[in-house]
Amino acid sequence: MLKVKNLTRKYKNGSSFINAVDDITTNFQVGDFVFVLGQSGSGKSTLLNILCGLDTEIEGSVEIDGIDTSNFSKKEWAIYRNHYVGFVFQEYNLIEHLKVWENVALPLQFQGIGKSEAKIKAIEELDRVGLKKFAEKKPDQLSGGQAQRVAIARALVTNPKVIMADEPTGALDTELGKKIIGYLRKVSQDRIVVVVTHDEDLASEFASRTVRLADGKIIDDTGNLETHEKETKKLSFDRPKMKFSMMMKFARNNIFSRMFRSLATSSIVSIGYISIFLLTFMIMGINSSISDTIGMFLPEDQYQIYTVDNTEINPTDLFEISNMSIVENARYNVSERVTFESRFGVDVNVSLTPVPYDQALLTQDATLYGRLPQNETEILINVNTAAQIRGISQVDEDSFDYIFDLVKNSTLDLEYKNYSEFELESTENLGSYKIVGMVASTLMMDSVIYIDYEELLIMSEQIHDEVNYREIALLYLSTENEDDIEAFTVLLRDDYNIVVENFFSAITSTIENFMYNALKIFIGIAAISLVVSGILIGLVIYTSIIERIKEIGILTAIGAKQTNIVGIFLAESAMIGLLSSGIATLFALLLTRIINGLFSSFIEKPLSLLSSGLFDMTLLTPKIWVIGLVILFSVLYSMIAGLIPSLKASRLNAIKALRRE
Ligand code: ADP
Ligand code: MG
């Protein structure tokens, strides 16, 4: 039973109030087929809206099955509408983008009933109103009478105790109107059915009770208010829940029905993400290529020292420095170009440098064959030198073993050929050395021989008549502790006027600096594009809400909670986020291919030829995790952007929304 006591609904009218419903006390019982009559503006719709919980700004009380509703939350009202009330509107108010059966199944799905079960029930209900064969059609393919029967099926599908119909025949001709009312009377046996109309003829033909309103007051009621039947069923509040897939369906329909707009929005939003992708790919590509390349030439623990005024380092100073405990190894950076005769009698030029003091000093990625030299008569050669000794022109990874076997333990006669003006002036015999090891890597391009440091100094003296010390000496430090290294740097600067520099970190920090600045610009661009796309998404969702205001009203009337409405529009935002990051991924990968292709043919290949394969770099390196992060971010960010309009949508007044045409 529905009971209202001293019910008043005030509307502000300028500075005064008008009472749309004015101090009404009555009740409605199961079996009642009540017609509410009255002129336009007499308060019929207002009363109905209050009875089904769409309008709760009331004075007085509404009691449902003995339960006072004054403390009902919005959620409880939603549950009440969904489980206990079926609402039939004058304008049918079907949701255009859903099929007929989906419209009917909607209230069931709000109850959390699965799609297939809901479909079966919906089609049964459609069968009862004679429209089973229209189940798969869209509402716009129906006539007015058919649409109203679908609306009635939707109102009845949850088997509610209360049916409220606000001028259900208003848009139909008399014949059709009678059919509809006849059907409602049939179902009124075990329910409360309240029909609002101003059609007196219909009322006198069908009503079991008529309530007449004027200026918000009951002026006539044919019902016997004294017969109070005992209520059996109590309200039990299962929470209506909207399945995730339902929200997705609404969002998908919204997006598809505005395909052009969705694509246009997503494309604009995707521009920002494309730039983020390309910049990240580039930074990653360059960063890894560069530190790989540097690492090949510069050992990380190698420090160069030079005097502040660029003069020669005093050998005594160097001796002192090299004996400090932090210094593991120190020496002048001496190297010579010498010559040997290859197997075919051809002179080969090669660089001589000191033996690396340990294997870490071998170029990165290089493999050591044999062993390091242990005395001044032994040498280590690199694979290019070995190939030249044997006159082999083709060197690849598979041939390293074979090449080393050819030169292993053989002796090499080194000479220094002194040319002046392209004339050979003299030849210096430098001695014979035994090859005990070979370093090999596909990246090597120079021919190098590693020789004992002292031996190299003697050789250098022999060639130039004195040791041609360069101003740069190399130190290898025994620590990686930055504070110790800093203290050492300060000591050398203050006591010896010597600057210590780590080329590896100098270069990498320069690059890092550059990357950091690039990143700052990139963050700026990204931030601007994100703000723009955030606003855009918000606007699109807002527009979508404006266009669907009526739909929101319908959903609310048939029992959708606020969170369901928020969910629908958040899902739509999320889909825009997914769509834009999807578009961005596609374009970024496509552009990556194109840009890498251009870079490879115009820059990388020519440079690679010039540097005998050493320059090997991919400009853009796509990373799956970057793509994943961006997609995730995009979806979340779109949802955040869509949150405010979505919340706004959920707070829309259902009655106003339904009035909107
Ligand atoms: P009926 O359905 O009988 O035609 P309504 O219940 O729609 O009448 O309206 C009753 C009275 O309340 C009317 O005077 C109407 O102008 C007023 N009214 C209804 N809704 C509003 C509103 N949202 N704001 C102000 N006045 C309203
Ligand atoms: Mg009305």
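Begin by selecting Arg 185, which sits in helix α6 (residues 174-187), where helices (H or I, at least four residues) and strands (E, at least two) are DSSP runs numbered from the N terminus. This is a predicted model, in which local features need pLDDT of at least 70 and side-chain atom pairs count only at pLDDT 80 or more, while totals for chains, interfaces and linings use all residues. Residues are numbered from 1 along each chain as its sequence is written, ligands are numbered from 1 in the order in which they are written, and side-chain values use heavy atoms, leaving out hydrogens and water.

Colour Arg 185 by accessibility: its relative accessible area is 38%, hence partly exposed, a class lying between buried (under 20%) and exposed (over 50%), with a 1.4 Å probe and protein chains only. Not counting residues up to four places away in sequence, Arg 185 touches Phe 33, Glu 205 and Phe 206, contact meaning heavy atoms within 4.5 Å. The C-alpha atoms of Arg 185 and Phe 33 are 6.5 Å apart, although 152 residues separate the two along the chain.

Next, select ligand 1 and the residues around it (a heavy atom within 4 Å), among them Tyr 11, Ile 18, Lys 44 and Arg 659. Both β2 (16-28) and α1 (44-51) supply at least two residues of this shell, and α1 gives the most, with three.

Finally, display the polar contacts, pairs of N or O atoms within 3.5 Å. Oxygen atoms of ligand 1 lie 2.7 Å from a polar backbone atom of Gly 41 and 3.1 Å from one of Gly 43.

Definitions and conventions
Polar contact = N/O pair within 3.5 Å; in protein donor to acceptor, adjacent residues only side chain to side chain.
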